[in-house]
Amino acid sequence: MAAAGDEYDPTPSDDELEAHLQTRNMVVNLGPSHPATHGTVRLRIELDGENIVKMDTEVGFLHRGFQKSCENVTWTQVLPYTDRLDYVAALHNNFGYLTAVESLMGVDIPERAKYIRVIGAELHRISSHLTTAGALSLELGGFGAFLFAIEARELITDRITELTGARLTTSYGRIGGLNRDVPDGWNEKVLKTLLKVEELAGEVDTLLSRNRIFTDRTKGTGVITKEAALDFGFTGPCLRACGVNYDVRKANPYWVYDKLDFEVAIGHNGDNFDRYYMRVIEIRESIKMIRQAIAQMPQGPVMVDDWRIALPPKENVYNSIEGVISHFKLVMEGVPVPAGEVYSATESANGELGWYLKSDGSGRPYKVHVRAPGYQILAGLAHMCEGKMLADLIPTFDTINMIGGEVEQ
Amino acid sequence: MSDEKKVEAPKPAAPPPPGPPPPKNPGFVTLVIDGKEVVAKPGTNMIEAAKSVGSEIPYYCYHPRLSIAANCRMCMVESSAAPPGKLVPACQTGITEGAVIKTNTDKVRAQQKMVMEFLLLNHPVDCSICDQAGECKLQDYYMKYDFKASRLEGGKILKNKRKKLNDLIVIDQERCVMCTRCVRFMDEVAKAPQLGVFGRGSHEVVDVSPAYGKLESEYSGNIVDICPVGALLNTDFRFRARAWFLSATPSLCTGCSKGCNIYADFMGQDVYRYRPRENDAINKSWMSDTGRLMYKTINKHRVLRSLSGRGDAAKEISHPEAIKAATELLKAHAGKVAFMASPVASNEDLLAAFAFARDALKLTTVYVSGRPDGIADDFLRTADKNPNRKGLENIARAFGLTVKPFPELANAIGKSVKALFAVGAEVPEDEAVFAKRAAELSAFVMTATNESKVTAAADVVLATSTHIEDEGSFTQEAGITQRFRRAFPPKGDSLPNWKWAIELSTSLGLELKAAASSREVFKALSPSVPELAAFEWDKQAPINQKRPGITSLPTGADGRPPGWREQGVPNIRGLSLPRGT
């Protein structure tokens, strides 16, 4: 059976020069490996000419059994797995997970550790937003802004490397605080870095935000209404771009966010430009926050003083029975987390990163579930793109900033 | 003013002090522990009463099957019946009507912390080389009740770190917390009061009384089990495995006909030790030293591949070849094959084997082999060193088979008996003697778990798995049938006895009414055995539970054999499904 549109229509047209093309809907795959989808996701798109009729988003290419793997290791050993969620901003996952475990245990971490967590998280927020803005520009044909963004991101990555010892897979922080304090002179270096980042982010802003080509491609494309965004479960910059004032840092302040002075960027149109511009503003706000945090940061320990949670100093482990017992039990059996369950959320670069943890009282998680913000937003991609032009899919896909690691776990 | 006082009328006599309140629940003692009402029988230990309402009272020296010493001071609790301001030891204090017990107050916690600090004061930094690490009460309680750094300045007291008490037991006196469980065990249970406490204060040590010089008891291994720390060590297990890498399967000791309940601790396809498992009716919490070492038969000198040919001519053969060789020999001597079975085999093995003897070999008589009799005592050891003689007799009787003793067979070999099929290689006489007799057989087919002079004399040896490699049951001397669980799949190419019986029957042209598992063998063949008919095979299976303390990963990382998930019962977080459900 031939499909509709298959037969040649012999009806003569008014214009004798019109070409009577035999059009039929075509199904194309964008991904799972495609230069314009920076992330292994398969978009199965049904096209009528250049218009998207229907779109299926297929995830799972990066599925690695994250949640199940967590059940087989101690609470502390989960940490390296969390690096691989949103790998563009790993500290958000590290700290989010630790905060969830700490709230399940009822542990309050030292003040200094809270400030360092804020600084680390905001650095990685800047890093993630620069990547989003830079990649958006790159995929719309503007190479310059990408270079400025990545130069700034490199500077931040260097600071993160100095802090955690790793560029990407940070595994920084421990239950009850941090495994190490900031290096000597690091704070000053961060402040200097921020000056440079500010300048480079300004370049990106200047190059893009008033650029005719850029605004034409982003304004009014990939639109989603406030209501639809809420229905899909959008959070973070993508939700705020629709005009919803929701930021976990303000709605339910954790660490020391209540002591910092910052604004939450709110958009109006819910289109690609607003989503992009939310990030531009958030970069500025994050820089502001880091400066405040460094100024306010007190001296003191970065880890709770409790050998049921924190590893004893090596000197005690080698030379005292108390230290060796604590070390042995913490390493072999894990930190004893009391039986119970918790949902704890922090604001990651892409939105609300929620952790549902359940403990049976042993040293290993009974259940770990992550509400990764990217998953719900990716689910709304088809809604934003169906009926629109294929070319607008690319900036839309960029501004939602899907990260394969967290969506597919 | 003073006058007024003088003229004051004398006070009326104080009312007599109230007697004890009438019991709230007659016949029981009702008290409150941590705000929860407990109704207990008079004489119930306070630690046990607290346990029943979920309050954990820590202890080292208390043991439910030993007398009360109350010397570790770890179980101190607050009681309304105690003198004001005093804590009382929960293990020693009787429960009284209306008493209010608190196990979790600041005062109790301070006491627990102090006790722990003192116990660790002179404890060596040994966890990394200590066998007890991972199942040590010092470690558990430190993390729960102390969790503070040491305040000790200066060195620790040094004592003897490796004193041999006998060939099996070594004591590390530095690690000892002086709970005296071992001293009380030897005195009260083993009835060999040879251990004692010597010295004073921090210099106290547990040692053998000089009058004995050496610990002499068949039950000395139990003091290693009851030692709450790593002071008493079993030389057979010492330094061989870390406790958290071992998985434990509830099983039975096969050392004698007593049927002591045990845990078999294993890693991969090797058993590392037997530990007694509690059973009030049979072995309480104990087992004998001989039984403790029975695990070695599972690991060493196993027949892992079936063999054909006698003596030096023996060569390994595959499973189909083994079936073919055995069938040919049995067919060639059809009607003239004698049948010998060892009471080391399980009920399921013998059900199938006797069905094979009766239906495929058309026999009416079976001979009983088995291990020779040994030393018995008035506690756990019995003279019959076979775990399932009762079961063998029950099944044979129900199957209409006459059971004849081994000597009748031994004397008839070479005369009236020319061909023999044996289940198990254990014989109650010298193996060399029996091997010499067997040389006169024209056909000798046997199933065997371990290599011996007897297996060397056989034409075909069918490699057989031990009880630890399959589910099954034994009937012990008093007629109690008990289930044991499978630890790991059969080693090498070995198969359980019941499987060999079924396959040989099939090969001889007879379809036995049983099939895939020992459970199905039992279900199919046990109803005709009156002693087994009522035995709830599934329900009686002890739960394959998670070992307490630190456990290994529920994946292959703990050294479990390949194919474990397919062949065995995965045991994850204490959950496992009984086989066949």
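I count two strands as paired if DSSP finds at least two bridges between them. Helices (H or I, at least four residues) and strands (E, at least two) are DSSP runs, numbered from the N terminus.

**Entry 1: the model**

This is a predicted model, in which local features need pLDDT of at least 70 and side-chain atom pairs count only at pLDDT 80 or more, while totals for chains, interfaces and linings use all residues. Residues are numbered from 1 along each chain as its sequence is written, and chains are lettered from A and ligands numbered from 1 in the order in which they are written.

**Entry 2: the sheet in chain A**

I looked up the hairpin of β5(A) and β6(A): there are 5 residues between the strands, and G361(A) takes a positive phi near 90°. Strand β5(A), residues 351-359, pairs with β6(A) in the antiparallel sense over 6 bridges. I checked two partners in β6(A): L357(A) is bridged to V368(A), and Y356(A) to H369(A).

**Entry 3: chain A as a whole**

I counted 17 helices and 6 strands in chain A. The radius of gyration of chain A is 24 Å, close to the 22 Å that the globule rule gives for 409 residues, so chain A is as compact as a globular protein of that length. The radius is taken over C-alpha atoms, and the globule rule is 2.2 Å times the number of residues to the power 0.38. The C-alpha trace of chain A spans about 95 × 50 × 30 Å along its principal axes.

Of the 409 residues in chain A, 51% are buried. A residue is buried if 20 or more other C-beta atoms lie within 10 Å of its own, exposed if 12 or fewer, and partly exposed in between, with C-beta atoms placed from the backbone. Of the contacts in chain A with a separation of 6 or more, 70% are between residues 24 or more positions apart; a contact means that the C-beta atoms of two residues, placed from the backbone, lie within 7 Å.

**Entry 4: cores**

I take a nonpolar core as a set of buried Ala, Val, Leu, Ile, Met, Phe, Trp, Tyr and Cys residues joined through C-beta atoms within 7 Å. The largest has 112 residues, and V101(A), A152(A) and V197(A) have the most contacts inside it. Helix α4(A), residues 111-139, gives the largest share of this core, 13 residues. Leaving out residues up to four places away in sequence, V197(A) touches I126(A), A152(A), L155(A), I156(A) and I287(A). Another core, of 92 residues, lies apart from that one and includes V88(B), C130(B), F185(B) and L233(B).

**Entry 5: chain B**

Chain B has 18 helices and 23 strands, and its C-alpha atoms fill a box of roughly 125 × 55 × 50 Å along the principal axes. Of its 581 residues, 47% are buried.

I then looked at an open sheet of 5 strands in chain B, with mixed pairing and the order β2-β1-β5-β3-β4. The edge strands are β2 (36-40) and β4 (87-89) of chain B. Strands β3 (76-79) and β5 (100-102) of chain B run antiparallel and are joined by 2 bridges; S79(B) has I101(B) as its bridge partner. Helix α3(B), residues 106-121, lies across β3, β4 and β5 of chain B, at about 165° to β3(B).

Is helix α15(B), residues 497-507, mostly covered or uncovered? I found it mostly covered, with 9 of its 11 residues buried, including W498(B), W500(B) and L504(B). Among the elements covering these buried residues are α9 (319-332), β20 (443-448) and α16 (518-525) of chain B. G509(B), which follows α15(B), has a positive phi near 90°.

**Entry 6: where the chains meet**

I found 21 residues of chain B in contact with 16 residues of chain A. Helix α4(B), residues 137-146, supplies the largest share of the chain B side, 4 residues. That side divides into 14 nonpolar, 6 polar and 1 charged; Ala, Val, Leu, Ile, Met, Phe, Trp, Tyr, Cys and Pro count as nonpolar, Asp, Glu, Lys and Arg as charged, and the others, Gly among them, as polar.

Note on methods:
Axes fitted to C-alpha atoms, helices over the stretch in contact; angles between N-to-C directions.
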